[in-house]
Amino acid sequence: MEKKEKKKKSLFRRILKWSGITLLLLIAALIIIPIVFKDEIKERVIKEVNKSLNAKLTMGEFDLTFISTFPNMTVELNDTKLQGINEFKDVELMNIKQFVAHVGFWSVVSGDQVEIDEIHLIEPTFDVRILNSGLANYDIVKPDSVKTPEEVAEPSNFKLSLKEYSITKGNVKYIDEPSAMSMDISNLTHVGTGDLTADVIDFETTTNMDKITFDMDGVSYLTDVKTDVVMNILMEFTDKSSKFTLKENQFKLNALDFSVDGFYEMFEGYDDMDLKLNASKASFKDFLSLIPAFYHTGYESMVSKGNLEMGGFIKGKMDDKNMPGWDFQLGIDKASIRYPDLPGSITNIAVKAGSKFAGGEDMDKMTIDVDKFHALFGGNSIDANLKMRNPMTDPLLVSNIMAKMDLATLKNFVPMAEGESYNGKLDADVHLDGRMSALEREDYEAFKAEGLLTLKNMLYKSKDLSNDVAIDEMIFRFSPKNLALEKLIAKTGKSDFQMNGTIDNYMGYIFRDELLKGNFNFMSKNIDLDELMNLSPSSAATEPAATTATETTSEPLLIPNNVDFALNTLIGNLHYNGFDIKNVSGDVKMKEEVAKLEGVTMNAMGGTIGLRGSYDTRDHAKPTIDFAYSLKDIDIQQLAKNFVTIDKLAPIAKYTQGRISSTMEMKSDLTAAFEPIYSSLTGLGDLSTSTVTISGFKPFEKMGEVLNISKLSKQTIKDVKAKFQFADGKVNVKPFDINLGKIKTTVSGFTSFDQAIDYDLKMMIPKEEIPAAMIKSVEQAISKLNSLAPKLNVQTLPDAIPVKLDVLGTVMDPKITSNFKEALLEASGNLKDDLINNVKETVKDTVKAIINDKVDEAKAELEKRKQQLLEDAQKQADKLKAEAKKAANSVRSEAAKQAKALMDQAGSNPIKQAAAKKAGEKLIKEAEEKAVKIEKEGDSKADAIMREAREKADKLK
């Protein structure tokens, strides 16, 4: 019995032993297998994207586990970005902080297709663009025509078998230029569940958006609307169609609740639908939540009454020719709005509006009606109606607008912000009745358009404005031919405005998107731009950072393509950036996405200025300028102070006193902030001045030190005429002549926009400008030489010595070299070997000794200069190498530190140690590759510095 018990016990122990080992191996597999397959899956992802998409994928940290999701693996991609190319090279279509996918374990192991069961996006940002050309940045799937034969033949490595997907804290930006449509979504959370691999799917979704803004054709339909959607959809997929039937669903826009019933079915070549809007439970107050003026100002305390009827349907076939029919209606009756803290109420609110279309090809049968729009508040009233027929062929418009308002009484009916108030009288009595065809044939009798919109004695105050805005009088007259701004007289702070003009073809612009023409006159005695823009002189003059072509901060200001506007301007005084500009006149024109300055003249900075140019936005992603100026007798200090670009183009200006005249033409790409992209800047120009004084300019001070002529550090220069051009980030100065005191000098070279300089100066230095001690030493040597060998006839120094200067470095740290000493030796001339051979041997040796001393001295000085140049370069190169070595060692050290941390975390567990060791080795290997790359880059840059230094040294003479 004891033996049997012993055998049973042994068997039990063996079962426990091998079960434990098996479990241990399974746990080890769960830890080790993800490490083994981690790189393979990452490579598959990148390969799949590169094979299929015209875009650039970048990924951050990558992780792979499946302990919590077994038998699925969990793939985590961090900081995943999809960057556009070509026209969209500066746009990130997608930037996802964390991308999580659940993939089938056995599909990974088999090496066939990787099945994806779930996808979760955490904090994604999507930026979707459609250009006017129709090109869309999401259309990035490579067509078979541009794929390699291997890519076409090779099946996808991935298969979608989704059961669930989600988006958490997402942001979406959508811009559709052809449709003049844009949308912004903030903090989007969306979850969808259902077996998307089935033919019949019960699909459930929930969506929350903190804010959604939707604009189309310049009209804001939704503004910062909080949105919640619960939608259950029955999806049915057959060979003939894909049908989506809306089951239980609820939409909530701010406070407005509604649902949509029906189906949407897609066939080959057309779609069919039957959808009905149901808002039977919505109240008038719910509807008001869509209007920002009500929703964002005391909405919770607002008391509203009234009847709301809102509903409609869209039903029928849609294809390339046909549109479905619809009937949408909005009715508000016996409504009122009251705020408990205000004495008045808005009463008798009534709205009846709708749009109908029977469906089919003929969109001209569409109708739009606003039969009634009415509201009373105290003695104020608003009444309007509208009827539109035949919008596609010959639009008929019938509309009446009548309003009478005392703006001072608005505070009794609508909450005002702190410090906000209105005053003034607004009256409108406008009537329109006629067809577009009457205007096209200029039959103005057949089109009724009459009435006035007037505003008098308006005063608007707000704590958000530094000054009140006053409109003394505005008169806007309607006629069949045009809309006329007959008078506008306004003032704010120190600035006054007067304006009049006309707008033509307003009906063609509204109904057919035709060209809108305008012609206006703008007059002012004084405009203080600093005050209007809320800028102080110091902040306005702040130099913007150098900008590259890839830096973008916002969307550029675009000029509309269907306007033709002209603004004739006359301003007595314009105050900008702390100084006054007088007598500003000229034209500003906008047409076909280009704004132009024509004939603009002004008096400023002690002289006169003429401007012309254009701002071209036909390429929406990269606006350009083509600009020219003409300056006459401008104070240089004021020019340098008030125009920061001058410091880029001519840094000497801020060290210069005097007046200049100049002309310049320039072209450049611009950033969205309206700043030039200096690498794209090209142009040419000239400048002239009768007298300027330069002091404190580092290159001149350094030049005085090198030549030992201190008076060069401060110069008064007369009769300067120079020409320049700029390209490739440099201002190139063509050779021109100046007199630096008594020194005749020819100057040429360039200044780069990063303040690097490279100039050649050819100088004729008079003997009397050279320090007396230097002249005495040279002339004593010549005298001694002539006394020893009279037949040599070594000449005395000429009246002027030709000297060359090389000015390199930067404006603030110039490096100047010269051939001054060599030039002194060469200036005496007539030292010829055939004469030396005719004198006595002793004299010959003496002469040669003297000459050799001077030559050796010159050579030594030249070698010294060369050596100094090479030593400086070597120091810079050594510093670069040392910094690269330090950075590389830091990478290695960090990897070793991380590898050690992994081993420490593994403890004494051999399986964890094996996994940690492998992961650590991989870290160290990758770090070594990165470190070697850093060192090679440092060596390459150092070699380039030395190579350039040797080339410069070889050129020294």
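A salt bridge here is a side-chain nitrogen of Lys or Arg within 4 Å of a carboxyl oxygen of Asp or Glu. With that in hand, welcome to a few close-up views of this predicted model, in which the whole structure holds 24 salt bridges.

**Figure 1. The protein as a whole, before we zoom in.** The protein contains 17 helices and 37 strands. Of its 957 residues, 39% count as buried. Its accessible surface comes to about 53,500 Å², and carbon and sulfur atoms contribute 54% of that.

**Figure 2. E123 and K97 bridge two strands.** The side chains of E123 and K97 meet in a salt bridge, at 3.8 Å from N to O. E123 belongs to strand β5 (residues 114-130) and K97 to strand β4 (residues 92-104), so two positions 26 residues apart are linked. E123 is partly exposed, at 33% relative accessibility, and K97 is partly exposed too, at 46%.

Figure 3. E928 and R892 pair with their closest N and O atoms 2.7 Å apart. Because E928 lies in helix α17 (residues 910-955) and R892 in helix α16 (residues 841-906), the pair ties together parts that are 36 residues apart in sequence. Shared partners join K885, R892, E928 and E935 into one network of salt bridges. E928 is partly exposed at 34% relative accessibility, as is R892 at 21%.

Figure 4. F214 is partly exposed at 21% relative accessible area, and Y221 is partly exposed at 47%. F251 and F258 are stacked, with 5.2 Å between centres and 5 degrees between planes; both of these residues are buried. Elsewhere, ring pairs link Y655, F697 and F700 into a cluster.

**Figure 5. Lysines over tyrosine rings.** The charged end of K285 sits over the ring of Y299, 5.0 Å from its centre. K317 lies over the face of Y270, at 5.0 Å from the ring centre.

Terms used:
Residues are numbered from 1 along each chain as its sequence is written. This is a predicted model: local features need pLDDT of at least 70, side-chain atom pairs count only at pLDDT 80 or more; totals for chains, interfaces and linings use all residues. Side-chain values use heavy atoms; hydrogens and water are left out. Helices (H or I, at least four residues) and strands (E, at least two) are DSSP runs, numbered from the N terminus. Buried means under 20% relative accessible area, exposed over 50%, partly exposed in between (1.4 Å probe, protein chains only). Accessible areas come from the Shrake-Rupley method with a 1.4 Å probe; for residues, only the protein chains shown count as cover. Rings of Phe, Tyr and Trp (its six-membered ring) pair if their centres lie within 6.5 Å; planes under 30 degrees apart count as stacked, over 60 as edge-to-face and the rest as tilted. A charge sits over a ring if NZ of Lys or CZ of Arg is within 6 Å of the ring centre and within 35 degrees of the ring normal.
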